[in-house]
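Here is a short briefing on one protein model. Look over the sequence and the fold before you read on.

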Amino acid sequence: MGSSPHRVSDVMTRAVVAVGREALFKDIVERMEEWQVSALPVLEGDGRVIGVVSEADLLPKEEFRDSDPDRFTQLRRLSDLAKAGAVSAEELMSTPAVTVHGDATLAEAARIMALRHVKRLPVVNAEGVLEGVVSRGDLLKVFLRPDNDLANEIRRDIVDVLFPAPVEPVHVIVSDGVATLTGRVGDAAAIPLAAQLARGVEGVVGVDCRLTAADSDAG
(Lines give C-alpha, C1' and ligand atoms only; values in the text may rest on other atoms or scores of the structure.)
Protein backbone atom coordinates (compact mmCIF):
# COMPACT_ATOMS: atom_id res chain seq x y z
CA MET A 1 0.00 0.00 0.00
CA GLY A 2 1.71 3.13 -1.19
CA SER A 3 -0.79 5.55 0.35
CA SER A 4 -3.34 5.48 3.11
CA PRO A 5 -6.50 3.59 2.04
CA HIS A 6 -9.39 5.47 3.61
CA ARG A 7 -12.27 3.71 1.83
CA VAL A 8 -13.82 0.27 1.87
CA SER A 9 -13.18 -0.09 -1.88
CA ASP A 10 -9.42 0.06 -1.17
CA VAL A 11 -9.37 -3.10 0.94
CA MET A 12 -12.46 -5.12 -0.02
CA THR A 13 -12.31 -8.50 -1.72
CA ARG A 14 -13.73 -8.19 -5.23
CA ALA A 15 -13.89 -11.89 -6.12
CA VAL A 16 -16.94 -12.90 -4.11
CA VAL A 17 -18.77 -16.20 -3.82
CA ALA A 18 -22.53 -15.83 -3.48
CA VAL A 19 -25.71 -17.90 -3.81
CA GLY A 20 -29.20 -17.41 -5.19
CA ARG A 21 -32.35 -17.62 -3.14
CA GLU A 22 -32.95 -21.23 -4.34
CA ALA A 23 -29.58 -22.54 -3.12
CA LEU A 24 -30.00 -25.59 -0.87
CA PHE A 25 -28.68 -26.01 2.66
CA LYS A 26 -25.95 -28.50 1.82
CA ASP A 27 -24.75 -26.47 -1.15
CA ILE A 28 -24.41 -23.42 1.09
CA VAL A 29 -22.35 -25.36 3.65
CA GLU A 30 -20.14 -26.78 0.90
CA ARG A 31 -19.45 -23.32 -0.54
CA MET A 32 -18.58 -21.91 2.86
CA GLU A 33 -16.16 -24.77 3.43
CA GLU A 34 -14.63 -24.50 -0.04
CA TRP A 35 -14.11 -20.74 0.15
CA GLN A 36 -13.37 -20.61 3.88
CA VAL A 37 -15.95 -17.91 4.58
CA SER A 38 -18.45 -17.56 7.39
CA ALA A 39 -21.25 -15.92 5.38
CA LEU A 40 -22.55 -15.71 1.82
CA PRO A 41 -24.53 -12.91 0.16
CA VAL A 42 -27.82 -14.01 -1.40
CA LEU A 43 -28.43 -12.45 -4.81
CA GLU A 44 -31.24 -12.14 -7.26
CA GLY A 45 -31.63 -10.82 -10.78
CA ASP A 46 -28.77 -8.56 -11.80
CA GLY A 47 -26.75 -9.26 -8.67
CA ARG A 48 -28.74 -7.26 -6.16
CA VAL A 49 -28.13 -8.35 -2.57
CA ILE A 50 -31.38 -9.44 -0.90
CA GLY A 51 -29.94 -11.11 2.19
CA VAL A 52 -27.02 -12.92 3.81
CA VAL A 53 -26.70 -16.51 5.00
CA SER A 54 -24.21 -16.89 7.82
CA GLU A 55 -23.00 -19.75 9.97
CA ALA A 56 -25.32 -18.44 12.68
CA ASP A 57 -28.27 -18.98 10.33
CA LEU A 58 -27.21 -22.59 9.68
CA LEU A 59 -26.40 -23.71 13.23
CA PRO A 60 -30.01 -24.02 14.50
CA LYS A 61 -30.49 -27.08 12.27
CA GLU A 62 -27.80 -28.90 14.25
CA GLU A 63 -28.77 -27.38 17.60
CA PHE A 64 -32.39 -28.52 17.39
CA ARG A 65 -31.79 -31.72 15.39
CA ASP A 66 -32.47 -34.12 18.28
CA SER A 67 -34.22 -31.78 20.69
CA ASP A 68 -37.84 -31.22 21.59
CA PRO A 69 -37.86 -27.65 22.91
CA ASP A 70 -40.38 -26.66 25.57
CA ARG A 71 -42.97 -23.98 24.93
CA PHE A 72 -40.86 -21.23 26.54
CA THR A 73 -37.94 -22.06 24.23
CA GLN A 74 -40.27 -22.23 21.25
CA LEU A 75 -41.54 -18.72 21.94
CA ARG A 76 -38.10 -17.31 22.70
CA ARG A 77 -36.33 -18.97 19.77
CA LEU A 78 -39.09 -18.79 17.18
CA SER A 79 -36.82 -17.48 14.44
CA ASP A 80 -34.12 -20.06 15.12
CA LEU A 81 -36.65 -22.89 15.13
CA ALA A 82 -37.92 -21.73 11.76
CA LYS A 83 -34.37 -21.79 10.41
CA ALA A 84 -33.85 -25.26 11.87
CA GLY A 85 -36.48 -26.50 9.44
CA ALA A 86 -35.29 -24.40 6.49
CA VAL A 87 -33.77 -25.98 3.39
CA SER A 88 -33.06 -23.04 1.06
CA ALA A 89 -31.18 -19.75 1.18
CA GLU A 90 -34.45 -17.83 0.93
CA GLU A 91 -35.67 -19.48 4.15
CA LEU A 92 -32.31 -19.25 5.93
CA MET A 93 -31.09 -15.79 5.05
CA SER A 94 -31.11 -12.77 7.30
CA THR A 95 -32.87 -9.94 5.49
CA PRO A 96 -32.56 -7.11 4.77
CA ALA A 97 -28.84 -7.61 4.40
CA VAL A 98 -26.46 -5.43 6.41
CA THR A 99 -24.34 -3.84 3.67
CA VAL A 100 -21.88 -1.01 3.13
CA HIS A 101 -20.96 1.18 0.17
CA GLY A 102 -17.49 1.18 -1.34
CA ASP A 103 -16.95 4.87 -0.57
CA ALA A 104 -17.58 4.37 3.16
CA THR A 105 -14.58 4.91 5.42
CA LEU A 106 -12.95 1.97 7.15
CA ALA A 107 -14.07 3.42 10.48
CA GLU A 108 -17.68 3.46 9.28
CA ALA A 109 -17.45 -0.17 8.16
CA ALA A 110 -15.88 -1.20 11.47
CA ARG A 111 -18.65 0.61 13.36
CA ILE A 112 -21.36 -1.21 11.37
CA MET A 113 -19.72 -4.57 12.04
CA ALA A 114 -19.51 -3.86 15.76
CA LEU A 115 -23.07 -2.57 16.11
CA ARG A 116 -24.65 -5.32 14.00
CA HIS A 117 -22.41 -8.12 15.30
CA VAL A 118 -21.29 -9.32 11.86
CA LYS A 119 -17.87 -10.39 10.59
CA ARG A 120 -18.33 -9.59 6.90
CA LEU A 121 -20.24 -6.95 4.95
CA PRO A 122 -21.36 -7.16 1.32
CA VAL A 123 -20.22 -4.04 -0.51
CA VAL A 124 -22.93 -2.70 -2.81
CA ASN A 125 -23.40 0.19 -5.21
CA ALA A 126 -26.26 2.71 -5.16
CA GLU A 127 -28.60 0.15 -6.75
CA GLY A 128 -27.76 -2.53 -4.19
CA VAL A 129 -25.73 -4.60 -6.66
CA LEU A 130 -22.85 -6.58 -5.15
CA GLU A 131 -19.37 -5.16 -5.80
CA GLY A 132 -17.33 -7.05 -3.21
CA VAL A 133 -17.12 -8.12 0.40
CA VAL A 134 -15.20 -6.54 3.26
CA SER A 135 -14.25 -8.57 6.32
CA ARG A 136 -12.73 -7.76 9.69
CA GLY A 137 -9.43 -9.03 8.33
CA ASP A 138 -9.66 -6.65 5.37
CA LEU A 139 -10.07 -3.69 7.71
CA LEU A 140 -6.90 -4.73 9.52
CA LYS A 141 -4.80 -4.73 6.32
CA VAL A 142 -3.95 -1.07 6.89
CA PHE A 143 -1.82 -2.10 9.87
CA LEU A 144 0.49 -3.95 7.47
CA ARG A 145 1.67 -0.69 5.93
CA PRO A 146 5.46 -0.23 6.25
CA ASP A 147 6.66 2.15 8.94
CA ASN A 148 8.47 4.24 6.33
CA ASP A 149 5.22 4.80 4.41
CA LEU A 150 3.49 5.96 7.58
CA ALA A 151 6.35 8.31 8.48
CA ASN A 152 6.41 9.79 4.97
CA GLU A 153 2.65 10.40 5.03
CA ILE A 154 2.74 12.08 8.45
CA ARG A 155 5.65 14.23 7.39
CA ARG A 156 4.18 15.21 4.02
CA ASP A 157 0.48 15.65 4.88
CA ILE A 158 0.66 16.84 8.47
CA VAL A 159 4.04 18.15 9.63
CA ASP A 160 4.96 20.06 6.45
CA VAL A 161 1.48 21.61 6.32
CA LEU A 162 1.12 22.61 9.99
CA PHE A 163 4.76 23.57 10.55
CA PRO A 164 6.19 24.89 7.26
CA ALA A 165 8.92 26.83 9.12
CA PRO A 166 9.66 25.09 12.43
CA VAL A 167 12.04 26.65 14.95
CA GLU A 168 13.96 23.36 14.93
CA PRO A 169 13.48 20.49 12.47
CA VAL A 170 10.54 18.21 13.21
CA HIS A 171 11.48 14.54 13.09
CA VAL A 172 8.98 11.77 12.48
CA ILE A 173 9.97 8.22 13.38
CA VAL A 174 7.57 5.28 13.14
CA SER A 175 8.40 1.97 14.77
CA ASP A 176 5.95 -0.95 14.79
CA GLY A 177 3.21 1.47 13.83
CA VAL A 178 3.87 3.91 16.68
CA ALA A 179 4.72 7.41 15.45
CA THR A 180 7.05 9.64 17.48
CA LEU A 181 7.17 13.35 16.65
CA THR A 182 10.00 15.47 18.04
CA GLY A 183 11.17 19.03 17.41
CA ARG A 184 10.41 22.64 18.33
CA VAL A 185 7.76 24.67 16.53
CA GLY A 186 6.45 28.19 16.69
CA ASP A 187 2.72 27.45 16.92
CA ALA A 188 1.86 25.78 20.22
CA ALA A 189 -1.84 25.56 19.33
CA ALA A 190 -1.08 23.32 16.36
CA ILE A 191 0.71 20.64 18.40
CA PRO A 192 -2.46 18.86 19.67
CA LEU A 193 -3.87 19.00 16.14
CA ALA A 194 -0.74 17.38 14.74
CA ALA A 195 -1.04 14.53 17.25
CA GLN A 196 -4.73 14.08 16.46
CA LEU A 197 -4.17 14.01 12.71
CA ALA A 198 -1.27 11.57 13.06
CA ARG A 199 -3.52 9.19 15.01
CA GLY A 200 -5.98 9.36 12.13
CA VAL A 201 -3.50 8.08 9.56
CA GLU A 202 -4.56 4.61 8.45
CA GLY A 203 -2.16 2.06 9.90
CA VAL A 204 -0.88 4.13 12.81
CA VAL A 205 -1.13 2.20 16.07
CA GLY A 206 -0.24 5.04 18.43
CA VAL A 207 1.34 8.49 18.61
CA ASP A 208 3.99 9.81 20.99
CA CYS A 209 3.98 13.56 20.40
CA ARG A 210 7.03 15.22 21.95
CA LEU A 211 6.79 18.49 20.05
CA THR A 212 7.49 21.64 22.03
CA ALA A 213 6.69 25.25 21.28
CA ALA A 214 9.22 28.06 21.16
CA ASP A 215 6.96 30.37 23.15
CA SER A 216 6.98 27.86 26.02
CA ASP A 217 10.61 28.78 26.64
CA ALA A 218 9.61 32.29 27.62
CA GLY A 219 9.03 32.81 31.29
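The model is predicted. Strand β3 is mostly covered. Helix α9 has a kink.

- Strand β2 spans residues 39-44 and pairs with β3 in the antiparallel sense.
- Six bridges join β2 and β3.
- R48, in β3, is the bridge partner of E44.
- Strand β3 covers residues 48-54, and six of its seven residues are buried.

**The loop residue S38**
- S38 sits in the loop between α2 (25-35) and β2.
- The relative accessible area of S38 is 18%. Buried means under 20%, so S38 counts as buried.
- Beyond its neighbours within four places in sequence, S38 is in contact with M32, V53, S54, E55, K119 and R120.

**Helix α9**
- Helix α9 runs over residues 147-162 and has 16 residues.
- From first C-alpha to last, α9 reaches 21 Å, close to the 22 Å expected at 1.5 Å a residue.
- The kink in α9 is about 35° and is centred on R155.
- The buried residues of α9 are L150, A151, E153, I154, I158 and V159.
- An α-helix has 3.6 residues a turn, so residues three or four places apart point the same way.
- What do the buried residues of α9 pack against? They pack against β7 (171-175), β8 (178-185) and α10 (190-199).

Terms used:
Residues numbered from 1 in each chain as written. Predicted model: local features only at pLDDT ≥ 70, side-chain atom pairs only at ≥ 80, totals over all residues. Heavy atoms only, no water. Buried < 20%, exposed > 50% of the residue type's maximum accessible area, 1.4 Å probe, protein only. Helix = DSSP H or I, 4+ residues; strand = E, 2+ residues; numbered from the N terminus. Pairing = 2+ DSSP bridges. Contact = heavy atoms within 4.5 Å. Expected span 1.5 Å × (residues − 1). Bend = angle between axes of the 7 residues up to and from the residue.
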